[in-house]
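Dear colleague,

Here is the structure I promised to hand over to you. Please open it beside this email, so that you can look up each residue as you read.

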Amino acid sequence: DLGPEAELHSRACLPVAKSVTIDAPLVETVLRGGPYAKLRYKGPYADMRGAYRWLLGVWLPASGYEPDDAPIFEAYLNDPREVPQNELRTDIHLPLKAAS
């Protein structure tokens, strides 16, 4: 359970060159380095829940890793305005640390 919906937060981000000035209301977000698991998902965004269930419920417990204290993020690899929903590709990045 992720908690109450009203307390959930998300950010939309894009990579920019270091020379770009970011003015309000935009804010800079820097992703931490280190190991990540990357799962490539293909299909509608609305059906991505199954990919998360497999990554967190099947792969992660058997991996020897734990989630690190950083956000999971998604990289959208194509445009839903240009390809059918079943052709959408998304990389899910899960920050990791060695299991204790």
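D68 is partly exposed, with a relative accessible area of 26%, and its partner in a salt bridge is R32, whose closest nitrogen lies 3.2 Å from the nearest oxygen of D68. R32 likewise counts as partly exposed, at 24% relative accessibility. Please keep in mind throughout that this is a predicted model.

Which parts of the chain does the pair of R32 and D68 tie together? R32 sits in the segment before strand 1, which covers residues 36-42, while D68 sits in the loop between strand 2 (65-67) and strand 3 (73-76), so the pair connects parts that are 36 residues apart in sequence.

In one of them K38 pairs with D91, the closest N and O atoms being 3.9 Å apart. This pair, too, links distant parts of the chain, for K38 belongs to strand 1 and D91 to strand 4 (residues 89-98), 53 residues apart.

E87 counts as partly exposed at 34% relative accessibility, while K42 is exposed, with a relative accessible area of 52%. Salt bridges with shared partners also join K38, R40 and D91 into one network.

A residue that deserves a look of its own is G43, which lies in the loop between strand 1 and helix 1 (49-63). G43 is buried, with a relative accessible area of 3%. What does G43 touch, once its neighbours within four places in sequence are left aside? Its contacts are then Q85, N86 and L88. The C-alpha atom of G43 is also 8.8 Å from that of P84, although the two residues are 41 residues apart along the chain.

The C-alpha trace spans about 40 × 35 × 30 Å along its principal axes, and of the 100 residues 19% count as buried. Among contacts between residues at least 6 apart in sequence, 64% join residues at least 24 apart. The accessible surface comes to about 7900 Å², and 55% of that belongs to carbon and sulfur atoms. As for charge, the mean positions of the 11 positive and 14 negative charges are 6 Å apart.

Finally, a word on confidence: the protein averages a pLDDT of 92, and 98% of the residues score at least 70.

Key: Residues are numbered from 1 along each chain as its sequence is written. This is a predicted model: local features need pLDDT of at least 70, side-chain atom pairs count only at pLDDT 80 or more; totals for chains, interfaces and linings use all residues. Side-chain values use heavy atoms; hydrogens and water are left out. A salt bridge is a side-chain nitrogen of Lys or Arg within 4 Å of a carboxyl oxygen of Asp or Glu. Helices (H or I, at least four residues) and strands (E, at least two) are DSSP runs, numbered from the N terminus. Buried means under 20% relative accessible area, exposed over 50%, partly exposed in between (1.4 Å probe, protein chains only). Contact means heavy atoms within 4.5 Å. Accessible areas come from the Shrake-Rupley method with a 1.4 Å probe; for residues, only the protein chains shown count as cover. Lys and Arg count as positive and Asp and Glu as negative; His and the chain ends are not counted. The place of a charge is taken as NZ of Lys, CZ of Arg, CG of Asp or CD of Glu. pLDDT is the predictor's confidence in each residue, from 0 to 100.
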